[in-house]
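Let's take a walk through a protein model together. Please have a look at the picture below before reading on.

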Amino acid sequence: MATRKAAESTLYHVHPTGFWKKFRDAVVVNPEISSGIPLAGVHRWPQPASRPEKYSTPATKASDPAQNPYWKRDVRRAYPQLSVVTQPDLSSLLIQHSEAKSIPAPSEGKESEQSSILVKAAEALELSSAIATITSTQKVYTEARLPPKLPTPFKRWTPERAPDAPHDPNAYFPMLLYK
């Protein structure tokens with residue numbers, strides 16, 4: 001007689017005992033089916049939580065108190081730092097950057113070492129007079145040189161007439177279609 005060889009479904013799984021075995025036998029449709037919970041000592045080696053050593057986090061620069069002072073870690077007091085530009089500073093920057101910069105031609109010998117680009121320091125002007133001097137000498141914005149625009153991720157929509165929807169030519173059709 002040929003015996004049918006098959007894997008034992010309950011051999012490597014946890015079995016209920018006591019009251020829960022009786023309860024399972026009474027309630028379950030197929031009592032020979034396994035619980036599905038594998039025996040930890042058979043399938044996993046070493047078993048979970050059986051290793052004697054404990055995990056320790058590796059030492060980093062942040063774990064060294066000498067290299068990680070409290071004031072660097074304290075985000076509650078990381079206030080934004082203000083920067084101040086006064087009107088005389090702004091007027092001097094405007095006057096310096098309004099002129100076209102020219103680079104001197106290279107020369108030979110010691111003259112090239114002595115020649116350097118000198119940035120003349122603007123006098124402390126009021127902002128309104130600095131703007132007046134810049135706009136009097138040159139036009140700030142022209143049609144060729146427009147002021148900067150904010151960058152937008154989409155193209156601006158321009159209305160463009162589309163062909164009308166199909167309708168009876170004698171009917172009142174007030175709808176206009178645009179692309």
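This is a predicted model: local features need pLDDT of at least 70, side-chain atom pairs count only at pLDDT 80 or more; totals for chains, interfaces and linings use all residues.

Now for the chain as a whole. Of its 179 residues, 6% are buried. The accessible surface comes to about 17,500 Å², and carbon and sulfur atoms account for 60% of that surface. If we take the contacts between residues at least 6 apart in sequence, 43% of them join residues at least 24 apart.

Let's zoom in on one pair of helices. Two packed helices are described by the angle between their axes and the distance between those axes. Helix 4 spans residues 87–98 and helix 6 spans residues 127–137; they pack at an angle of about 10°, with their axes 8 Å apart. An angle under 35 degrees counts as roughly parallel, so helix 4 and helix 6 are roughly parallel to each other.

Which residues meet here? Helix 4 brings Gln87, Leu90, Ser91, Leu94, Ile95 and Ser98, while helix 6 brings Leu127, Ala130, Ile131, Thr133 and Ile134. Sorted by class, this contact has 7 nonpolar, 4 polar and no charged residues.

Finally, look around helix 6 itself. Leu127, Ala130 and Ile134 are buried in helix 6. They cover an arc of only 65° around the axis, so they sit on the same side of helix 6. Helix 4 is part of what covers these buried residues. On the other side of helix 6, Ser128 and Ser136 are exposed.

Technical notes: Residues are numbered from 1 along each chain as its sequence is written. Side-chain values use heavy atoms; hydrogens and water are left out. Axes are lines fitted to C-alpha atoms, for helices over the stretch in contact, and angles run from 0 to 180 degrees between N-to-C directions. Helices (H or I, at least four residues) and strands (E, at least two) are DSSP runs, numbered from the N terminus. Angles under 35 degrees count as roughly parallel, over 145 as roughly antiparallel, 65 to 115 as roughly perpendicular and the rest as oblique. Contact means heavy atoms within 4.5 Å. Ala, Val, Leu, Ile, Met, Phe, Trp, Tyr, Cys and Pro count as nonpolar, Asp, Glu, Lys and Arg as charged, and the others, Gly among them, as polar. Buried means under 20% relative accessible area, exposed over 50%, partly exposed in between (1.4 Å probe, protein chains only). Accessible areas come from the Shrake-Rupley method with a 1.4 Å probe; for residues, only the protein chains shown count as cover. The arc is that of the directions from the helix axis to the C-beta atoms.
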